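Please read the following briefing beside the sequence and the coordinates. The notes are grouped by topic.

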Amino acid sequence: MAENESTIARTFPVKPKLKPTSSNSTTPTPESKYWRSFKTPKDIQTQTLVSSINSISFSPISPHDFAATHSATVSIFSTQTLEPKTTISSAFRDTVTSASFRSDGRLIAAGDLSGAVQVLDLKTRVPLRRLRGHTRPVRVVRYPRADKLHLYSGGDDAIVKYWDITTESKIYDLLGHKDYVRCGDASPISDDMFVSGSYDHTVKIWDVRVLNSSYVMEFDHGKPVEDVVYLPSGGLVATAGGNSVKIWDVLGGGKLLYTMESHNKTVTSICVGKIGKDSGEEAQQYRILSVGLDGYMKVFDYGKFKITHSMRFPNPLMSVGFSPDCSTRVVGASNGTLYIGRRKVKDSESTELVDFGGFRPVEEPQRRVLRPSYFRYFQRGQNEKPSEWDYLIKKPKKIKVAEHDMLLKKFMHKEALLASLNGKNPENVVAVMEELVARKKLLRCVSNLETEELGLLLRFLQRYSTMPRFSRFLMGLTKKVVEMRAEDIKASDELRGHIRNLKRDVEEEVRVQQTLQQIQGIVSPLLKIAARR
């Protein structure tokens, strides 16, 4: 009686222990759907330029065209047609590394590997100013937030320069970095402040109002800094270097807030993107977009410190940009490919009703108030989606119980073993046998098998006892079965045939194992000799 009570307490159904289960099925979130909605129209081919896309910059003025720098060229693309509008190449002597639009969108400044910074008119493509002063390649050029008369640049000479465009003269040499200056960004709240990142692992914040022209803050990223951006509030800075993106609190004295390490290789570029209400958020929020040499683009919610979306591209990625109107996302690859994604922006003005010529807007009909006498009253809320903090009570999933599990539940042990053997799934058969061992009923079932049923068991043992996954358990069971049913096996030609086949397979497996041991004995000394050398 005690044995039956302990057996009833066991859990059903029986599960194979040899096959791991995977849980990769995840439902896409509203934000993932938002980022996946950036697609290249079918009538637009993926743009492929001459060489690696070094930088991507969007114009602050509508329709927010963007510039891509590659080889000795700056290509301006239209966000409406996704086609090149103009190409500027005659002004540059070497590979262009960085470009920046002025706040009014009329001029663009770009630096190249020759050490020069060019200021060009977008309409005429004529160079207006040529700023000379860097002795090594220029890696970053940026206009301040709203200042039209100054810009700053940084290069491989480890110097950040602040320029007066009208006179083509240098105002300050900002010294402090000890290695290549590779990136920088302008403050969104002040025209006098900007940040720079260097291969000396440091990020420095500069204020041109300081008399000694020294940096006002410094923090160590820990790896060569590939990119740095101000976040929209102006109080946070994001840096990229190595395989990590870090968030720093400028107002808190350069305190490290979070480190995001989801890339497998070097993060090459980051930018700030904005999402709208159609992404599932109540209000527009900002995200950090990062790309790396592993070919992944990650979307990082720095408010919740988590990755909200990830996208794989076929090539190593070098640059990323996001339009101010949230309609276009551009990723530049190392082979010169531009992955341009565009989504439709809802025109709020087209949905608003305006009073023209004395006509009043049409009022929407009021919905009837639900009352307990209505059938819909009892169905209200069934289609509502849960919010983030709601506690979900889900219906338990109905478990499908196999035939052998039903028989085990009824303590029909022999029938359960035969049902699993007829099912032709070796993992289920071994799982049932292990369950019967736990119940101390397996040998009793074997002793009660008829001749035809015993042949079914021997056929299974002959086929699977030499497999590495099952051999430890099944070889011991095979020995017990042969000892217990020796007389029945001698009396049946069919059972003797199963035993002969089993013996042949075991001998073949023994020969294979002996051969492998001989090979190991030959190879091991050679490996030891090679290790000593």
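The charged end of Lys 204 sits over the ring of Tyr 215, at 4.0 Å from the ring centre, where sitting over a ring requires NZ of Lys or CZ of Arg within 6 Å of the ring centre and within 35 degrees of the ring normal. Lys 298 has its charged end over the ring of Tyr 296, 4.7 Å from the centre of that ring. This is a predicted model, in which local features need pLDDT of at least 70 and side-chain atom pairs count only at pLDDT 80 or more, while totals for chains, interfaces and linings use all residues. Residues are numbered from 1 along each chain as its sequence is written, and side-chain values use heavy atoms, with hydrogens and water left out.

**Aromatic pairs**

- The count comes to 18 aromatic pairs, a pair being rings of Phe, Tyr or Trp (its six-membered ring) with centres within 6.5 Å, called stacked when the planes are under 30 degrees apart, edge-to-face when over 60 and tilted for the rest.
- Phe 66 and Phe 77 form a stacked pair, because their ring centres are 5.1 Å apart and their planes lie at 5°.
- Since Phe 66 belongs to strand 3 (residues 66-70) and Phe 77 to strand 4 (residues 73-77), this pair ties together parts that are 11 residues apart in sequence; helices (H or I, at least four residues) and strands (E, at least two) are DSSP runs numbered from the N terminus.
- Phe 66 counts as buried at 0% relative accessibility, and Phe 77 is likewise buried, with a relative accessible area of 0%; buried means under 20% relative accessible area, exposed over 50% and partly exposed in between, for a 1.4 Å probe and protein chains only.
- Tyr 180 and Tyr 199 make a tilted pair, because their ring centres are 6.2 Å apart and their planes at 45°.
- Tyr 180 lies in the loop between strand 13 (169-174) and strand 14 (181-186), and Tyr 199 in the loop between strand 15 (193-198) and strand 16 (202-207), so the pair ties together parts that are 19 residues apart in sequence.
- Tyr 180 counts as partly exposed at 28% relative accessibility, as does Tyr 199 at 22%.
- Ring pairs also link Tyr 34, Trp 35, Phe 38 and Phe 322 into a cluster.

**Helix packing**

- The axes of helix 8 (residues 451-464) and helix 11 (residues 493-532) come within 9 Å and cross at roughly 10°, the axes being lines fitted to C-alpha atoms over the stretch in contact, with angles from 0 to 180 degrees between N-to-C directions.
- Helix 8 is therefore roughly parallel to helix 11, given that angles under 35 degrees count as roughly parallel, over 145 as roughly antiparallel, 65 to 115 as roughly perpendicular and the rest as oblique.
- Residues of helix 8 including Leu 454, Leu 458 and Arg 459 meet residues of helix 11, among them Leu 495, Ile 499 and Asp 505, contact meaning heavy atoms within 4.5 Å.
- By class, the contact of helix 8 with helix 11 has six nonpolar, five polar and three charged residues, where Ala, Val, Leu, Ile, Met, Phe, Trp, Tyr, Cys and Pro count as nonpolar, Asp, Glu, Lys and Arg as charged, and the others, Gly among them, as polar.

**Backbone details in loops**

- The peptide bond from Ser 62 to Pro 63 is cis, with omega near 15°, and Pro 63 is found in the loop between strand 2 (55-58) and strand 3.
- His 201, although not a glycine, has a positive phi of about 75°; His 201 lies in the loop between strand 15 and strand 16 and counts as partly exposed at 27% relative accessibility.
- Lys 440, also a residue other than glycine, has a positive phi near 60°; Lys 440 is placed in the loop between helix 6 (426-439) and helix 7 (442-447) and counts as exposed at 71% relative accessibility.
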